[in-house]
Amino acid sequence: MTEDRTPKGALDRVLTVEVMRVTERAAVSAARLRGRGDERAADQAAVDAMRRELNRLAIEGIVVIGEGERDEAPMLYIGEAVGAGGQRVDIALDPLEGTTLCAKDMPNSLATLALASGGALLNAPDVYMEKIAVGPGYPDGIVDLDMPADEAVRRLAKAKGVDVHEISACILDRPRHADIIAAVRSTGAAVRLIGDGDIAGVIHTTNPIETGVDIYMGTGGAPEGVLASAALRCIGGQMQGRLILKTDEHKARAERMGIIDFDRVYSHEEMAKGDVYFSATGVTDGNMLQGVRFYPDHITTETIVMRSSTGTVRTIKAKHTDFSKFILD
């Protein structure tokens with residue numbers, strides 16, 4: 001008898017391909033509306049496609065990170081059950097990461113999805129989260145969320161063995177980040193400002209040679225933080241996040257999701273535990289993935305699929321000739 005070496009609670013290997021199909025369908029649907037200036041329509045197209053594909057999977061899935069709470073989103077809302085029945089999984093998703101990027105046909109818009117063993121993903125409310133992230137290869141705790149931005153950059157440069165001028169930080173271009181941007185620039189490090197897409201921003205830290213990004217810092221969406229953590233669990237790196245719960249309403253929502261320590265700093269390993277799959281398909285061209293291409297007789301997509309328990313990272317460029325797969329039922 002062959003010994004079963006599958007880790008307890010591991011996800012079915014077949015899901016490697018299935019999660020890729022889900023993000024492919026969402027990306028193609030959104031890409032049809034690239035550059036049209038209609039963020040809502042592009043997002044809805046991606047949501048419709050992703051929900052349809054999720055309901056075809058042999059899973060019993062619960063959306064823990066989705067399009068919002070039930071009274072805010074008609075589908076793929078937090079708590080929604082999806083799938084055709086099977087293994088119990090948590091689902092975190094952003095059918096169209098960077099809706100503005102897609103609407104303006106700007107770089108780094110993605111369709112993203114993470115699956116994990118049931119109860120393994122942080123069920124975070126749709127609020128802001130403070131974040132800091134670096135790629136793999138550094139000592140644990142090399143950067144810290146409560147560390148001043150200039151100190152974090154200097155420590156990272158020292159650990160990397162380079163002058164601080166060779167470090168580049170990715171930060172969302174928002175007025176709230178003016179002090180962080182100034183602090184980073186005061187060291188001589190470079191700042192790459194992005195308009196949207198902080199999931200991609202975090203993932204970019206894992207391959208600075210290709211992306212030119214060494215560290216991500218700043219405040220962005222908590223759902224995106226959980227999705228980025230799922231990717232880091234698979235590909236390596238470090239990330240910390242802390243929910244920003246300024247109002248009683250925010251705190252009440254957090255409590256409903258089981259969060260009682262409002263000041264807790266979460267590591268990426270606490271936000272995404274167990275066996276995790278992560279898939280992202282390019283909608284528009286970016287540093288990491290090529291966007292969807294439409295040809296008279298086929299469509300091409302490029303997807304990165306990762307699994308935490310094996311450390312496998314696959315980049316798959318697919319050619320699709322069966323257009324019926326991308327037409328709404």
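The structure is a predicted model, where local features need pLDDT of at least 70, side-chain atom pairs count only at pLDDT 80 or more, and totals for chains, interfaces and linings use all residues. Residues are numbered from 1 along each chain as its sequence is written, and side-chain values use heavy atoms, with hydrogens and water left out.

The largest pocket comes out at a volume of about 630 Å³. A pocket here is an open set of points on a 1 Å grid over the protein atoms alone, where a 1.4 Å probe fits and protein lies on both sides within 12 Å along at least five of seven lines; lining residues have an atom within 4 Å of a point. The volume is the space filled by probe spheres set on the points, which are joined across faces, edges and corners. There are 26 lining residues, and the closest to the centre are Asp-94, Thr-99, Asp-126, Gly-221 and Glu-224. Helices (H or I, at least four residues) and strands (E, at least two) are DSSP runs, numbered from the N terminus. By type, the lining splits into 7 nonpolar, 7 polar and 12 charged residues. Asp, Glu, Lys and Arg count as charged, Ala, Val, Leu, Ile, Met, Phe, Trp, Tyr, Cys and Pro as nonpolar, and the others, Gly among them, as polar.

Now for the annotations. An unreviewed UniProt entry places the feature "binding site" at Asp-94, Glu-97 and Glu-224. These residues are spread over 131 residues of sequence, yet they cluster in space, with a largest C-alpha distance of 8.3 Å. The lining of the largest pocket takes in Asp-94, Glu-97 and Glu-224. UniProt positions follow the numbering used here, feature names are shortened, and annotations may be inferred rather than shown by experiment.

Asp-94 sits in strand S3 and counts as buried, at 10% relative accessibility. Buried means under 20% relative accessible area, exposed over 50%, and partly exposed in between (1.4 Å probe, protein chains only). Not counting residues up to four places away in sequence, Asp-94 touches several residues, including Glu-67, Thr-112 and Glu-224; contact means heavy atoms within 4.5 Å. Glu-224, in helix H8, is in contact with Asp-94, Glu-97, Lys-131, Asp-198 and Ile-199, leaving aside its neighbours within four places in sequence.

Arg-174 lies in the loop between strand S6 (168-172) and helix H5 (178-186) and is partly exposed, at 25% relative accessible area. Pro-175 lies in the loop between S6 and H5 and counts as exposed, at 76%.

Elsewhere, Arg-242 lies in strand S9 (residues 238-244) and is buried, at 15% relative accessibility. The side chain of Arg-242 makes a polar contact with the side chain of Asp-146 (2.8 Å). Such a contact is a pair of N or O atoms within 3.5 Å; within protein, one must be able to donate a hydrogen and the other to accept it, and residues adjacent in sequence count only if both atoms are side-chain atoms.
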